[in-house]
Amino acid sequence: KYTLKTLSMEPIGIPPNNSQQHLMRDCDTMDVVPNLNPIKDRSSENQGVTPRQWLTVAILCFVNLINYMDRYTIAGILKEISVYYHIGDDKAGLLQTAFVLSYMLFAPVFGYLGDRYSRRYIMAFGVFLWSLTTLLGSFMTEYHWFLAFRTLVGIGEASYSTIAPTIISDLFADDTRSKMLSLFYFAIPVGSGLGYIVGSETSRMANAWQWGLRVTPVLGAVAVVLIFCLLVDPPRGESDGNTGMESTTWKEDIKALLKNKSFMLSTGGFTCVAFVTGALAWWGPRFIDYGQQIQLGTSNKDVNSTVSFKFGVIAMISGLIGVPLGSYLATRLRATNPKIDPLLCAIGLFVSTPFIFMALIFARTNTIAVYILIFVGEIALNLNWAIVADMLLYVVTPNRRSTAEAFQILVSHALGDAGSPYLVGVISEALKHKYAPGSPDAVVPIDVEYKSLQDGLFSTCFVEVLGGVFFLLTSFYIVKDRAAADTEISGNENVVAPTHMFADDPQLNCSEANLTTA
């Protein structure tokens with residue numbers, strides 16, 4: 001009526017209708033207006049999760065679990081390996097650095113393939129490769145051959161880590177996606193903890209460290225069968241309502257990612273997380289054991305297997321609490337604060353820093369306090385795993401998500417946990433010669449071993465603060481970049497004012513109908 005009156009087209013001469021019967025109540029008319037928006041309503045599609053989707057998530061979580069078990073099994077038996085190959089802290093740290101270097105260098109390759117070819121086949125190949133090379137490496141009697149096989153393990157794991165999160169992204173959207181990602185990513189700290197436990201306990205029971213490396217290859221063979229037979233590989237962009245997005249060139253993908261401020265800044269923050277996680281995971285058990293030996297007045301430099309076991313339990317439990325807690329807080333607070341994701345990541349790093357610092361201080365006086373401090377610090381550190389992954393997936397379009405995952409892996413590992421174990425080891429070795437000049441490695445006092453490693457690990461506290469700053473900067477751009485990604489997915493790159501016939505009627509302000517654009 002309002003529109004007809006404005007256009008001078010209101011009919012004249014028709015007697016008024018004095019009926020008291022209301023066919024519709026005020027403002028009810030718009031409740032039945034059909035959805036004119038061609039883009040699917042993503043939230044309505046995620047009300048229920050099918051059994052096949054649950055099975056796919058379970059398979060991905062299982063593979064991610066054994067992925068990180070395999071990665072940190074060596075950390076649980078590092079001293080035994082060092083003694084067997086007669087190597088110092090620098091070469092011991094190089095084992096992890098070589099693994100991560102190959103992992104990050106091949107991640108872009110598998111990211112490119114994952115955006116264009118069958119993700120099921122690529123992942124199955126990767127799991128098979130890392131399982132085989134881990135098993136073969138356990139039979140090597142020379143350090144350089146063992147190092148070479150650890151490098152090949154990194155290639156296999158790169159194929160899985162770049163692709164698996166994108167499958168979850170294409171199966172689910174919005175809060176359901178966040179919850180599934182939290183399940184996927186809590187397998188990281190849990191798997192890391194199991195790696196310590198499996199490595200140390202298996203080698204202890206078998207009286208040979210090599211057997212600690214022969215557990216995950218068996219589980220890997222099971223994972224390959226599950227991926228081939230039961231895994232669902234959905235069309236790219238299915239959960240976002242757009243499966244027709246065409247792949248662009250790799251150069252165009254990288255150019256778009258470099259312009260995405262939220263993606264780049266969050267990658268910087270995640271790089272700091274990787275640095276801290278890698279250094280603590282690799283050197284934490286040995287450092288705690290040095291502190292225990294000082295308390296007991298002994299100088300046995302072999303790491304007590306119970307330290308690795310306890311450290312693994314702490315890593316597992318802190319992950320079980322921290323990762324879901326971060327996802328829960330993000331989904332609850334996101335409706336009232338759209339910037340909450342990067343803010344939670346920043347808060348987690350800022351809270352974690354003093355606890356890690358105090359753990360490094362108290363290691364030589366109170367071991368129980370050290371375990372408690374590390375536990376709280378790692379809970380705060382683990383808040384960000386699922387949140388960072390979720391941010392990547394909603395600020396990047398489906399046709400370049402695997403490339404984005406690969407890019408983030410490349411940067412975060414190149415500047416993060418690829419170098420941190422080796423860097424801390426190099427600092428430790430250099431400081432040994434400063435604190436005990438002229439002493440051969442075999443007779444360096446235990447307090448010198450402790451002090452040199454402690455000074456190397458202090459670098460993690462500075463890096464945690466730097467990571468928090470990166471996430472704070474991300475919060476300034478996250479809303480804008482998410483809206484830009486949603487616009488590109490919907491194909492509406494030029495948003496204009498709504499044009500349907502009810503848009504200008506003040507009597508219909510209570511309408512919640514979707515509006516079309518020109």
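Is His86 buried or exposed? At 71% relative accessibility, His86 counts as exposed. Keep in mind as you look around that this is a predicted model.

## Two loop residues with positive phi

His86 sits in the loop between helix H4 (78-85) and helix H5 (89-114). Its backbone deserves a look too: His86 has a positive phi of about 55°, although it is not a glycine. For background, most residues other than glycine have a negative phi.

Asn207 is not a glycine, yet its phi is positive, about 60°. With a relative accessible area of 70%, over the 50% cut-off, Asn207 is exposed.

## Helix H3 and its kink

Now turn to helix H3, which covers residues 51-76. At 1.5 Å a residue, its 26 residues should span 38 Å, and the end C-alpha atoms are 36 Å apart, which agrees. Along the way there is a kink of about 30°, centred on Asp70.

How many of the residues of H3 are buried? The count is 19 of 26, so this helix is mostly covered.

## Aromatic pairs

A search of the whole structure finds 11 aromatic pairs. In one of them, the rings of Tyr84 and Tyr85 have their centres 4.9 Å apart and their planes at 90°, so the pair is edge-to-face. Tyr84 is partly exposed, with a relative accessible area of 36%, whereas Tyr85 is buried, at 8%. Ring pairs also tie these two tyrosines into a cluster with Tyr143, Phe146 and Trp209.

Another pair is formed by Phe287 and Tyr450: their ring centres are 4.9 Å apart and their planes lie at 15°, so the pair is stacked. Phe287 counts as buried at 3% relative accessibility, and Tyr450 counts as buried at 1%.

Which residues make the nonpolar surface patch of about 590 Å²? They are Phe350, Val465, Val469, Leu472, Leu473, Phe476 and Tyr477. Helix H21 (residues 459-474) gives the largest share, 4 residues.

Tyr477 lies in the loop between H21 and helix H22 (478-490). At 33% relative accessibility, Tyr477 counts as partly exposed, because that value falls between the 20% and 50% cut-offs.

Conventions:
Residues are numbered from 1 along each chain as its sequence is written. This is a predicted model: local features need pLDDT of at least 70, side-chain atom pairs count only at pLDDT 80 or more; totals for chains, interfaces and linings use all residues. Side-chain values use heavy atoms; hydrogens and water are left out. The expected span of a helix is 1.5 Å times one less than its number of residues. The bend at a residue is the angle between axes fitted to the seven residues ending there and the seven starting there. Buried means under 20% relative accessible area, exposed over 50%, partly exposed in between (1.4 Å probe, protein chains only). Patches are made of residues with over 30% relative accessible area and no salt bridge: like charges are joined within 9 Å, nonpolar side chains (Val, Leu, Ile, Met, Phe, Trp, Tyr) within 5 Å. Accessible areas come from the Shrake-Rupley method with a 1.4 Å probe; for residues, only the protein chains shown count as cover. A salt bridge is a side-chain nitrogen of Lys or Arg within 4 Å of a carboxyl oxygen of Asp or Glu. Rings of Phe, Tyr and Trp (its six-membered ring) pair if their centres lie within 6.5 Å; planes under 30 degrees apart count as stacked, over 60 as edge-to-face and the rest as tilted.
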